[in-house]
Amino acid sequence: MSTQPAKDFDDPYLWLEDVTGERSLDWVRAHNEPTVEEFAGDDFEAMRATAREVLDTDARIPYVRRRGEYLYNFWRDAANPRGLWRRTTLDSYRTDSPEWDVVIDLDELARADDENWVWGGANVIEPHHTRALISLSRGGSDAVVVREFDMTTREFVGPEGFNLPEAKTRIGWEDDDTVLVGTDFGADSLTESGYPRMVKRWRRGQDLAQAETVFTGSATDVVVAAGRDRTPGFERTLVSRAIDFFNDEVYELRDGELIRIDAPTDASVSVHRQWILIDLRSDWDTGTASYRAGSLLAADYDEFLAGTAQCSVVFEPDDHTALHHYAWTRDRLILVTLHDVASRVEVVTPSNADWQRRPIAEVPANTNTVIAAVDDSDATDGEIFLDSSGFDRPSRLLHGVVDGNLTEIKSAPAFFDADGLQVSQHFATSKDGTAIPYFVVRPANATGPTLLGGYGGFEVARTPGYDGVLGRLWLERGGTYVLANIRGGGEYGPGWHTQAMRAGRHLVAEDFAAVATDLVDRGITRVEQLGAVGGSNGGLLMGIMLTAYPHLFGALVCQVPLLDMRRYHLLLAGASWVAEYGDPDDPAEWEFISKYSPYQNISADADYPPVLITTSTRDDRVHPGHARKMTAALQDAGHRVWYYENIEGGHGGAADNAQAAFKSALSFSFLWRMLGGAEH
């Protein structure tokens with residue numbers, strides 16, 4: 001196969017990369033219409049209404065985070081489709097019907113501004129919570145408008161406020177009248193990936209053009225960012241430059257001087273009070289000690305900067321157990337680990353010698369448990385919220401303090417009947433002999449269609465959590481769901497991911513194909529009843545299954561996908577993913593990329609299963625051109641392909657619950673029809 005650079009190839013469908021061009025959007029509408037007409041019948045409407053009911057129900061758990069004396073929550077429901085940013089007290093939150101104080105009504109704001117606002121988050125100044133930097137996107141894109149908000153008057157701050165036009169902005173408080181900001185400052189201010197290349201110190205009342213430059217990275221960096229830790233007694237400013245998606249240089253800015261935090265660039269570094277934590281992605285030999293990839297190390301921060309620190313091993317992985325995530329209270333570290341993809345939670349007490357770990361007894365076994373929120377301030381005695389769920393168990397929210405007992409403070413309703421539902425874990429053997437775990441969720445004696453989900457990238461671990469929409473629209477109808485924990489993810493730590501990067505990318509597809517084959521070999525399903533679904537990086541996986549493993553599936557759903565791996569690095573944020581996939585302009589790397597890139601491997605002679613490809617016009621992370629061009633090429637090659645593009649929505653493909661419900665109903669309706677599901 002040719003190793004000619006990507007930009008030199010002719011692409012007959014290149015015009016579809018014009019995101020909002022009239023010709024492109026006419027093409028989109030012409031392809032949306034037959035898809036909706038085909039799959040949006042009476043059954044679809046019932047499914048959409050059901051999904052909307054799950055997404056909008058008031059019985060969901062309102063997840064919160066503490067800011068001082070209040071617990072804050074962002075909430076969407078049928079009456080408030082864009083959402084409410086609101087707050088309450090802990091005492092009120094404990095009741096069945098908390099009294100919520102609405103801080104911002106996004107629906108009302110959208111009406112007043114005549115804008116399709118989607119909530120992008122609030123950065124509230126610590127520790128006194130008097131001002132907030134509110135991020136709002138148009139239609140759900142990554143690019144946001146930033147507006148300063150006065151928490152006392154409940155009004156947006158006028159011309160003297162920190163207000164920024166739409167951009168992929170990074171912003172945070174340095175003090176009440178100063179922010180550290182990276183945004184689109186004009187020429188040469190963005191990286192090739194489209195993110196901020198420089199950070200400036202912007203003072204209140206100052207023209208943005210006069211803001212002082214703090215740090216400038218390279219155009220080939222992914223992003224540059226800075227933040228001020230305002231913890232009393234531990235104030236410090238950290239600056240980071242992401243060299244690529246997995247490597248960062250981190251500095252402390254002290255008295256105008258940048259001091260390098262000399263940890264491995266591929267490690268994740270975090271600082272809390274007097275401690276520095278280093279989460280290793282590769283083995284590290286310091287000259288005096290050796291540490292294993294996947295370990296979490298701790299040291300005194302000042303000693304580490306001085307080069308005199310002795311690192312303590314807080315966690316070290318084994319063949320079955322990996323670190324998932326962690327968070328600090330004021331004085332304790334909460335660790336969540338995965339043991340064969342099931343969660344374990346521990347409390348760790350810091351020490352200058354050995355860090356002591358103990359399990360949290362109240363966390364149920366064999367669940368997906370995540371840290372929903374913690375309070376790392378002086379306001380509480382180490383408050384934590386943990387959320388536990390399983391495929392067949394709705395969420396339980398546990399609350400307490402680290403040195404006390406946790407109690408269930410909220411529980412989610414059961415959105416579907418799980419009686420008789422069976423959950424089992426199996427292991428498939430991949431092409432190279434590696435055991436690949438997967439979960440099977442099915443009604444007893446199920447004979448209906450089977451849906452296989454997977455992602456396999458960027459060290460993202462897929463865990464066995466509760467999904468009310470999946471339960472209502474698939475499991476209750478007699479369908480089987482399978483979650484594949486393939487390489488490329490983080491289920492077994494960083495090594496599970498790094499071996500599947502770049503030239504190892506073929507392992508992701510081989511693992512997924514092995515699980516599909518194992519499902520048939522075990523008699524769980526038949527090829528004609530086996531479908532698969534994936535989005536974003538998982539959408540790339542679906543494209544590979546379509547073009548390289550079509551004989552394994554009866555239907556595929558490919559959502560907000562990467563598909564043209566010859567040009568992905570030239571589109572939107574694509575340049576930031578070269579560390580994951582490789583550089584198509586390097587002949588040696590295009591050699592292995594070209595073997596799997598779905599868009600370049602379409603065959604008119606092959607027998608492909610039917611495929612539904614969906615994307616969003618407003619996705620400014622993965623370019624909608626991938627989905628459009630793949631659809632056009634498949635159609636012209638005579639294959640069965642359906643297409644739907646949400647004119648709004650961001651990378652999630654939906655801007656609100658109504659759009660999310662439509663997208664879910666469309667996918668499940670397509671799969672149920674194509675896989676021969678019997679109607680209830």
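Residues are numbered from 1 along each chain as its sequence is written. Because the model is predicted, local features need pLDDT of at least 70 and side-chain atom pairs count only at pLDDT 80 or more, whereas totals for chains, interfaces and linings use all residues; side-chain values use heavy atoms, with hydrogens and water left out.

The S6 and S7 hairpin has five residues between its strands, and Gly-139 takes a positive phi near 80 degrees. Strand S9 (residues 164–167) runs antiparallel to S7 and is joined to S7 by two bridges, with Ala-167 opposite Val-144.

Seven of the seven residues of S7 are buried, so the strand is largely enclosed by the rest of the structure; buried denotes under 20% relative accessible area, exposed over 50%, and partly exposed in between (1.4 Å probe, protein chains only). Val-144, Val-146, Glu-148 and Asp-150 point one way from S7, while Val-145, Arg-147 and Phe-149 point the other way.

The largest nonpolar core contains 105 residues, of which Leu-452, Trp-474, Phe-512 and Phe-553 touch the most other members. Such a core is a set of buried Ala, Val, Leu, Ile, Met, Phe, Trp, Tyr and Cys residues joined through side-chain atoms within 4.5 Å. Helix H8 (residues 506–521) gives the most to this core, with nine residues. Domain 1 (34–53 + 415–676) and domain 3 (117–260) both give residues to this core, so it lies between them; the domain bounds come from an automatic or database domain assignment. A second, separate core of 18 residues includes Trp-284 and Tyr-301.

Helix H12 (residues 625–636) is mostly covered, with ten of its twelve residues buried. These buried residues pack against helix H1 (22–39), helix H9 (537–548), strand S38 (611–616) and strand S39 (641–646), contact meaning heavy atoms within 4.5 Å. Gly-638, which follows H12, has a positive phi near 90 degrees.

Conventions: Helices (H or I, at least four residues) and strands (E, at least two) are DSSP runs, numbered from the N terminus. Two strands pair if DSSP finds at least two bridges between them.
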